Amino acid sequence: MFDVIIAGGGPTGLMLAAELRLHGIRVVVLEKDAAQPPYVRSLGLHVRSIEVMDQRGLLERFLAHGTRHPLGGFFAALLHPAPERLDTAHGYVLGIPQTVTDRLLAEHAAEVGAEIRRGCELVGLTQDEHGVTAELADGTSLRSRYLVGCDGGRSTVRRLLGVAFPGEPSRVETLLGEMELTASPEVVAAVTAEVREVQKRFGAGPIGDGVYRVVVPAEGVAEDRATPPTLDEFKQQLRAVGGTDFGAHSPRWLSRFGDATRLAERYRVGRVLLAGDAAHIHPPTGGQGLNLGVQDAFNLGWKLAAQIAGWAPDGLLDSYHDERHPVAADVLDNTRAQMELMSTEPGAQAVRRLLAELIEIEEVNRRLIEKITAIGIRYDFGGGHELVGRRLRDVRLTQGRLYELMRGGRGLLLDQTGALSAAGWADRVDHVVDGGGELDVPAVLLRPDGHVAWVGDDQRSLAAVLPRWFGAAAG
Ligand SMILES: Cc1cc2nc3c(=O)[nH]c(=O)nc-3n(C[C@H](O)[C@H](O)[C@H](O)COP(=O)(O)OP(=O)(O)OC[C@H]3O[C@@H](n4cnc5c(N)ncnc54)[C@H](O)[C@@H]3O)c2cc1C
C-alpha cells in the first residue's frame, strides 16, 4: 500500500511527488501517457516558482536549461519595464519550454524516490475511512491512504468526486503550433509587429533551426479541442488575420487552446484532493497556470506529509483549500481582465490605452507584476506583523543563504536574538541563530513553504504559534 497516489504526471503531480518524498512518504505517480507529448505549452517560470526551485536546490538545473528575460510586459502584453527593487533576489522570468520543465521535475521526483508509472490511467476511485482505491485502465487497482488528482483540466478525479467546476466556457480559441516559414525573418517580424498593434493573440517568433512558434486566433471554438487543427486551417487563419500565411510548412506539431475559466468548488473531499489544472483552468495570458500548479503542490506537500506522519494539527490539511482557492480565484480574475484588455473591441482598446497610462505609475506596475509573479500573495493567517502570511524573500546569512537552509522542507526558526527556542519541535523545525543583517526583524518562523508564520522576539508568543502549524511539542 502506498501513502499517496498522484494521478497525473504533469508539473503539479511531479512537484508534489518530490515534496512528499522529502518527508519519506511512499508515493506513486500514475501518468496515462506512455511518453511525454511534444506540445510545448508553458514557456517559462515566474519569480515565485524560481524561488521555489531555489528553496529545493533545483534552481541550478533550471538555470542551465533556461534563459533569463526581463520581467516587464507580461500583464496583457502591456509593454512596460518592471519596477526597480522588487522584493526578490530573482527579478527575472526564466524562459524554459514546458517539455524541459516536465522532464527536469520528473528526473528530480525519480531521484528522490518517487515511483512514476507511465502509460497508467486512473479510471475509477472509491474511498473509505482508511484509504482510497484507484481503479486503473488495465483492470488492476491500487490502494493508498490519500490520493491527489493532478490530472489536468479535464480531470477524471474531479469528475469522479462530483466536485463542481463552475465558471465560463471558452468564448474564443487560439491556434498554436511550431512550423517552418518560407517568408524572410524581416517580413515575419514586420507583419507580426503590425498585426499585434491591434490583435495581441497573433504572433510568430523564431525558436531556432528555422522553426517558428506561431499563434493565431481560430475562426470559432472547436467542439473537440483534443483534435488538432490541420496546417490548411492554420494557414487560412494566418491569411484571414495577418494577410499572409508566411508560406508555413513542415509543422512540428499543431494544437488549439481556449479561454475557458473555471475553479473547482472544493479542493478536498475526504482523502482525495485536487491540485493544478485539475482544480483551476484559465487562459494562458500572463503565463501563470504551470506556476500556479507547482505552487499548489508546494503548499500541499508538507501538509499532506504531516497528516500521514500523524503530527498535523487540526485543520492543517484543510488550510490547503483555504489558502490556495482564493489565490486561484485571483489568477482567474486577472486572466479574465487580461482577455478583455486584449480584445479588439473599441471599448476594450480604450480601457487598454487607459491602463497603459496608469501602468506608468510605479505602484500600479508593481501591483500587476506582484500578481503575475505570485510574490504578492498573502495568506490569511489572521493578521499580525505585515510579513505574516507572506513568503519571505531570500536573505544572506553568515551561514549561507536562507533558501539554501530550507532544502529539507522543514520549518525554520530564523533567530537573530539567540534567545528563542523551538526545542519541543526540533524534529519538525530547524532553529538557526544567525544575525546576517539583511533581515530587519528580530526573528521569523517560516513554514516549509517559506511563508512567514510568526515574527517577533517573544518566546511566549512563538510558543503559542508553533502548535498551529507544527502540532504538539514532542513529549
Ligand atoms: C498554449 C498554452 C500556453 C501556456 N503557457 C503557460 C506559461 O507560459 N506559463 C505557465 O505557467 N503556464 C502556461 N500554460 C498552462 C500550463 O501548461 C498548465 O497550467 C500546466 O501544464 C498545468 O500542469 P498540471 O500538472 O496541473 O496539468 P497537466 O500539465 O495538464 O498534466 C496533467 C497530466 O495528467 C495526465 N492525466 C490526465 N488524466 C489522467 C488519468 N486519468 N490518469 C493518469 N494520468 C492522467 C495527463 O496525461 C497529463 O500528463 C499554458 C497553457 C497553454 C494551453
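Start at Asn-334, which lies in helix H9, residues 318-341. Helices (H or I, at least four residues) and strands (E, at least two) are DSSP runs, numbered from the N terminus. The model is predicted: local features need pLDDT of at least 70, side-chain atom pairs count only at pLDDT 80 or more, and totals for chains, interfaces and linings use all residues. Residues are numbered from 1 along each chain as its sequence is written, and side-chain values use heavy atoms, with hydrogens and water left out.

Is Asn-334 buried or exposed? Asn-334 is buried, with a relative accessible area of 5%. Buried means under 20% relative accessible area, exposed over 50%, and partly exposed in between (1.4 Å probe, protein chains only). Which residues does Asn-334 touch, leaving aside its neighbours within four places in sequence? They are Phe-75, Gln-288, Lys-371 and Ile-372. A contact means heavy atoms within 4.5 Å.

Now step back to the whole chain. The chain has twelve helices and 24 strands. Its radius of gyration is 23 Å, close to the 23 Å that the globule rule gives for 475 residues, so the chain is as compact as a globular protein of that length. The radius is taken over C-alpha atoms, and the rule is 2.2 Å times the number of residues to the power 0.38. Along its principal axes, the C-alpha trace spans about 75 × 60 × 40 Å.

Of the 475 residues, 53% are buried. Among contacts with a separation of 6 or more, 71% join residues 24 or more positions apart.
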